[in-house]
Structures are given as C-alpha cells and as structure tokens.
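Student: Please take me through the helix packing and the ring pairs of this model.

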Amino acid sequence: MTPAILLVLLGLVDAAFSGFRAYAGSDARIRKQRATARAALRGLTVGAVLLLAPTLTAVLLLLTAQDPARTYDALTAGGIGFLLPLTAYAVVVLLLLAAYFALPFRAGTLAVVIGLGPLTLLRPLAVAAACLGAVLNGGGGYALLVGVTAGAAVLCVEPAVHQRWYRHVR
C-alpha cells in the first residue's frame with residue numbers, strides 16, 4: 001500500500017484550511033461565505049503547486065536510485081510513518097471542527113479558541129513529529145528528505161496566501 005494518495009489529500013485539505021486561516025479575521029462582513037470559499041480555493045491552489053516539490057523530489061529519488069525497488073519501499077515505509085502523526089493531528093482537528101458546528105454558539109466558539117487556536121500553533125511540531133515518524137518507521141534519509149520538503153511546502157501555504165492576497169489587512 002502506498003500512502004502517497006492519502007498524504008496528498010491530507011496536504012490539499014490542509015492547504016485549503018491554510019487559505020482560510022490567511023483570510024480569517026481580515027473581513028468584518030457578517031455574510032462572507034463567498035470570500036471564505038475563495039480564500040480556501042486560493043490556499044488549495046497554492047498548496048497544490050507547493051506540493052509538487054515533494055512529489056518531484058520523490059520521483060527524482062526513484063529515477064536516480066541504484067535500486068529503485070528498495071528506494072520505493074523506503075519511501076513507502078517513510079510515508080506511512082509520516083502519515084501516522086498527521087492522522088492523529090487531523091482527527092483532533094476534525095473533532096474540534098465538529099464540536100464547533102454541532103455545539104451551541106458559545107460552546108462551539110470555546111472549542112475553536114481552546115482547541116483550534118493552539119493546534120494551529122502546533123502545526124510545525126506535528127510536521128516535525130511526522131518527519132521523525134518517517135525515519136523511525138524505516139524510511140531513512142530518502143523519506144526524511146521528502147518529508148521535510150513536504151512539511152516545508154504545507155507550512156508555507158498560509159504565509160504565501162496571506163502575502164499574496166491579504167497582506168493589506170493589519
């Protein structure tokens with residue numbers, strides 16, 4: 001089983017949320033569903049472009065490897081190790097989002113403030129844990145290289161979207 005498809009999907013969903021976070025709080029309008037959707041699409045687009053970097057890194061590693069089958073196995077093991085910490089992180093985020101939408105306004109807002117706010121700040125640590133998981137699961141240096149490239153890509157989406165479309169907002 002290759003974890004690449006799940007990792008790409010997770011990266012794209014994270015990119016959409018990053019686009020939303022880059023926009024969040026920059027608009028005082030009450031009805032802003034269209035602007036929110038546009039921000040998420042901007043994040044998704046930037047994320048899709050940035051996620052080409054780890055994809056190309058993995059492809060180049062496979063094309064230049066002396067033993068492509070062994071390199072593929074290492075990248076697969078590293079991908080699974082990378083996916084495990086990120087899946088745990090994503091489950092917690094999804095539970096908090098479900099609480100936000102399902103609970104009454106005050107309780108939902110509390111879930112966002114107490115949960116999602118700190119989790120946003122912990123994203124770099126989640127990526128670092130994923131990189132460690134890639135190495136510990138047997139991915140070695142190749143998986144670490146692809147993991148660091150992927151981690152840098154997803155962490156750069158929000159600043160890139162903010163800088164490109166929302167920097168005028170203070």
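**Aromatic pairs and helix packing**

Tutor: Tyrosine 23 is buried (under 20% relative accessible area, with a 1.4 Å probe and protein chains only), at a relative accessible area of 5%. This is a predicted model, in which local features need pLDDT of at least 70, side-chain atom pairs count only at pLDDT 80 or more, and totals for chains, interfaces and linings use all residues. Residues are numbered from 1 along each chain as its sequence is written, and side-chain values use heavy atoms, without hydrogens and water.

Student: How many aromatic pairs does the structure hold?

Tutor: Rings of Phe, Tyr and Trp (its six-membered ring) pair if their centres lie within 6.5 Å. The number of such pairs in the structure is two.

Student: Tyrosine 23 and tyrosine 166 form an aromatic pair; of what kind?

Tutor: Planes under 30 degrees apart count as stacked, over 60 as edge-to-face and the rest as tilted. The rings of tyrosine 23 and tyrosine 166 lie 5.4 Å centre to centre, with 55° between the planes, and the pair is tilted.

Student: Is tyrosine 166 buried or exposed?

Tutor: The relative accessible area of tyrosine 166 is 6%. Tyrosine 166 is therefore buried.

Student: What is the orientation of H1 and H2 to each other?

Tutor: Helix H1 (residues 4-23) and helix H2 (residues 33-50) pack at about 130°, their axes 7 Å apart. Angles under 35 degrees count as roughly parallel, over 145 as roughly antiparallel, 65 to 115 as roughly perpendicular and the rest as oblique. H1 and H2 are therefore oblique.

Key: Axes fitted to C-alpha atoms, helices over the stretch in contact; angles between N-to-C directions. Helix = DSSP H or I, 4+ residues; strand = E, 2+ residues; numbered from the N terminus. Buried < 20%, exposed > 50% of the residue type's maximum accessible area, 1.4 Å probe, protein only.
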